[in-house]
Amino acid sequence: MAQSVQINGLDALSEDFRRLAEEELPQMKRELHVALAGQLREEVVKSLGDRAKSNTGKIAGMQEKYVGSGGGYAAVRPQRGKNEKGYAYGYITNSLENGHVIRRPSGRWKGYRARIKKKYVLGIHFYERAGRAAEKLAIDGANRLADQIKQKLEK
């Protein structure tokens, strides 16, 4: 009767982990972030909703999905560029997200009474609402990635 325990296959498993980490995992991670970026953009457009009804199409069209150059993150942000009136898309998006002050009339004509009764416009916070949904999307994506890794190691 032998007085030892022998485990075979650890070297092969170690080699599978190395190959997966160096060759396949970066591409799998990038594909995950590309999919997440698309889902995040959909969440941003959905969270714009009825609040910016007249501008929803315009504001939604200003948003673009972005994946980091190394494939390490996904984001949604305004496109570079300006609208037809010369305002940067980032400026417009920031004003809608966070709110903005309303310019008061100059008051140069002494009989003029301002119709504006409030001092600022409340923000829509569409990025914030989409960010709450992003956590669930990221967890679901991480679970899918873990399943893919499991399947690769089982082969």
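**Close-ups of a predicted model**

A search through the whole structure turns up three aromatic pairs; rings of Phe, Tyr and Trp (its six-membered ring) pair if their centres lie within 6.5 Å, and planes under 30 degrees apart count as stacked, over 60 as edge-to-face and the rest as tilted. Keep in mind that this is a predicted model, where local features need pLDDT of at least 70, side-chain atom pairs count only at pLDDT 80 or more, and totals for chains, interfaces and linings use all residues. Residues are numbered from 1 along each chain as its sequence is written, and side-chain values use heavy atoms, with hydrogens and water left out.

**View A. Tyr66 pairs with Tyr73.** The ring centres of Tyr66 and Tyr73 sit 6.1 Å apart with the planes at 45 degrees, so this is a tilted pair. Tyr66 is partly exposed at 28% relative accessible area, and Tyr73 is partly exposed too, at 41%. Here, buried means under 20% relative accessible area, exposed over 50%, and partly exposed in between (1.4 Å probe, protein chains only). Tyr66 also has Arg77 lying over its face, 3.7 Å from the ring centre. For that label, NZ of Lys or CZ of Arg has to be within 6 Å of the ring centre and within 35 degrees of the ring normal.

**View B. Tyr87 and Tyr91 form a stacked pair.** Centre to centre, these two rings are 5.8 Å apart, with 15 degrees between their planes. Tyr87 comes out as partly exposed, at 43% relative accessibility.

**View C. Helix H3 packs against helix H4.** H3 covers residues 89-98 and H4 covers residues 126-154; the angle between them is about 75 degrees and their axes are 7 Å apart. That makes the two helices roughly perpendicular: angles under 35 degrees count as roughly parallel, over 145 as roughly antiparallel, 65 to 115 as roughly perpendicular and the rest as oblique. Axes are lines fitted to C-alpha atoms, for helices over the stretch in contact, and angles run from 0 to 180 degrees between N-to-C directions. Helices (H or I, at least four residues) and strands (E, at least two) are DSSP runs, numbered from the N terminus. H3 brings Thr93, Leu96 and Glu97 to the contact, and H4 brings Phe126, Tyr127 and Glu128; contact means heavy atoms within 4.5 Å.

**View D. Thr93 is a buried residue of H3.** Skipping neighbours within four places in sequence, Thr93 is in contact with Met62, Gln63, Pro78, Phe126 and Tyr127. Other buried residues of H3 include Tyr89, Ile92 and Leu96. Just past the helix, Gly99 has a positive phi of about 90 degrees.

**View E. Ala74 sits in strand S2.** The strand covers residues 74-78, and Ala74 is partly exposed at 22% relative accessibility. Not counting residues up to four places away in sequence, Ala74 touches His33, Leu36, Ala37, Leu40 and Tyr66. Pro105 is 31 residues from Ala74 in sequence, and their C-alpha atoms are 42 Å apart.

**View F. His125 has a positive phi.** Its value is near 60 degrees. Most residues other than glycine have a negative phi. His125 belongs to the loop between strand S4 (120-121) and H4, and at 31% relative accessible area His125 is partly exposed.
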